[in-house]
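Open the model in your viewer and keep the selection tool ready. This tour moves from one selection to the next and says what is there.

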Amino acid sequence: MRIIRGKYGRRRFDVPHNITARPTTDFARENIFNVIENLVDLEGKTALDLFAGTGAVSYEFLSRECASVTAVEKSSTQLAFIHKVKGLLKDENLKIIRADVFKFIATASSSYDIIFADPPYDLPRFGEIPELILNSRLVKDGTLVIIEHSAKYDFSSLPHFLEHRAYGSVNFSIFRIESPEHDEAADQEEEQRV
């Protein structure tokens with residue numbers, strides 16, 4: 001596992017062979033983080049990594065100066081690796097939670113600036129995940145939500161959909177939560193430009 005950019009950029013960590021997670025490829029991760037950084041300044045933000053797997057996305061957020069990152073993962077093998085890397089980096093801004101993501105979303109009481117979800121592609125109920133996140137207390141006005149998925153899904157009809165990106169076989173649907181007031185202000189700004 002390689003951290004691509006930021007204060008931990010180019011650091012590499014050997015992923016144990018018994019990890020079953022399918023990590024986001026370096027190519028896709030680099031490209032989606034370029035998109036994210038064009039949409040939001042990560043410095044000082046709070047990020048949530050659902051289905052954290054190896055923690056590669058969590059560490060990318062930390063490396064790029066997020067104030068706090070929460071990684072949610074159910075597998076004890078994956079969790080052990082995330083804990084190991086956290087210890088090697090000595091970064092206390094990472095909070096690691098062992099939980100079922102569906103239960104975590106349902107009971108969440110905190111909101112985040114950025115939410116990244118990379119569920120296993122064969123996960124039952126995969127198609128429900130974007131709506132569950134968008135309708136949860138995890139989001140607030142301005143929250144950016146990124147869902148990694150296969151080409152068989154199309155989430156563009158969901159509320160708050162912003163754009164779709166594909167890098168090889170890896171697809172991302174991006175959402176931005178905006179309040180009705182924010183939408184009205186944007187419309188008025190657009191009208192003034194015309």
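A charge sits over a ring if NZ of Lys or CZ of Arg is within 6 Å of the ring centre and within 35 degrees of the ring normal. Keep that rule in mind for the opening stop. The model is predicted.

**Stop 1: a charge and a ring**

Select arginine 125 and phenylalanine 102. The charged end of arginine 125 sits over the phenylalanine 102 ring, 4.2 Å from the ring centre.

**Stop 2: aromatic pairs**

Now colour the aromatic rings. Rings of Phe, Tyr and Trp pair if their centres lie within 6.5 Å. By this rule there are eight aromatic pairs. Select phenylalanine 33 and phenylalanine 61. They form an edge-to-face pair, with 4.9 Å centre to centre and 65° between the planes. This pair links distant parts of the chain: phenylalanine 33 belongs to helix α1 (residues 26–39) and phenylalanine 61 to helix α2 (residues 56–63), 28 residues apart.

Go on to phenylalanine 126 and tyrosine 153. Their rings are stacked, 4.7 Å centre to centre, with 15° between the planes. Phenylalanine 126 lies in the loop between β4 (114–117) and α5 (129–134), and tyrosine 153 in the loop between β5 (144–149) and β6 (161–167), so the pair ties together parts that are 27 residues apart in sequence. Phenylalanine 126 is buried, because its relative accessibility is 1% and the cut-off for buried is under 20%.

**Stop 3: helix α3**

Select residues 76–89. This is helix α3, with 14 residues. From its first C-alpha to its last, α3 reaches 20 Å, close to the 20 Å expected at 1.5 Å a residue.

Which residues of α3 are buried? They are Gln78, Leu79, Phe81, Ile82, Val85, Lys86 and Leu89. Show their side chains and look down the helix axis. The buried residues of α3 fall within an arc of 160°, so they line one face of the helix. An α-helix has 3.6 residues a turn, so residues three or four places apart point the same way. What covers the buried residues of α3? The cover includes α2, β2 (68–73) and β3 (94–98).

Now check the two ends. At the N-terminal end, serine 75 caps α3: a side-chain oxygen of serine 75 lies 3.3 Å from the backbone nitrogen of threonine 77. Just after α3 comes lysine 90, with a positive phi of about 55°.

**Stop 4: positive phi**

Most residues other than glycine have a negative phi. Stay on lysine 90, which lies in the loop between α3 and β3. Lysine 90 is exposed, at 69% relative accessibility.

Then jump to arginine 10, in the segment before α1. Arginine 10 is not a glycine, yet it has a positive phi of about 75°. Arginine 10 is exposed, with a relative accessible area of 72%.

**Stop 5: threonine 24**

Select threonine 24, also in the segment before α1. Is threonine 24 buried or exposed? Threonine 24 counts as buried, at 6% relative accessibility. Show the polar contacts of its side chain. One goes to the side chain of aspartate 118, at 3.2 Å. Another goes to the side chain of glutamate 148, at 2.5 Å. Leaving out residues up to four places away in sequence, threonine 24 touches Arg29, Val57, Asp118, Glu148 and Phe172.

**Stop 6: the loop between β5 and β6**

Select histidine 160, in the loop between β5 and β6. Histidine 160 is partly exposed, at 33% relative accessibility. How far apart in space are histidine 160 and leucine 134? The C-alpha atoms lie 8.2 Å apart, while the residues are 26 apart in sequence. Beyond residues up to four places away in sequence, histidine 160 touches Ile174, Phe175, Arg176, Ile177 and Glu178.

Finish on serine 157, which lies in the loop between β5 and β6. Serine 157 is exposed, at 68% relative accessibility. Draw a distance from serine 157 to leucine 94: they are 33 Å apart, C-alpha to C-alpha, and 63 residues apart in sequence.

Technical notes. Residues are numbered from 1 along each chain as its sequence is written. This is a predicted model: local features need pLDDT of at least 70, side-chain atom pairs count only at pLDDT 80 or more; totals for chains, interfaces and linings use all residues. Side-chain values use heavy atoms; hydrogens and water are left out. Rings of Phe, Tyr and Trp (its six-membered ring) pair if their centres lie within 6.5 Å; planes under 30 degrees apart count as stacked, over 60 as edge-to-face and the rest as tilted. Helices (H or I, at least four residues) and strands (E, at least two) are DSSP runs, numbered from the N terminus. Buried means under 20% relative accessible area, exposed over 50%, partly exposed in between (1.4 Å probe, protein chains only). The expected span of a helix is 1.5 Å times one less than its number of residues. The arc is that of the directions from the helix axis to the C-beta atoms. Contact means heavy atoms within 4.5 Å. A polar contact is a pair of N or O atoms within 3.5 Å; within protein, one must be able to donate a hydrogen and the other to accept it, and residues adjacent in sequence count only if both atoms are side-chain atoms.
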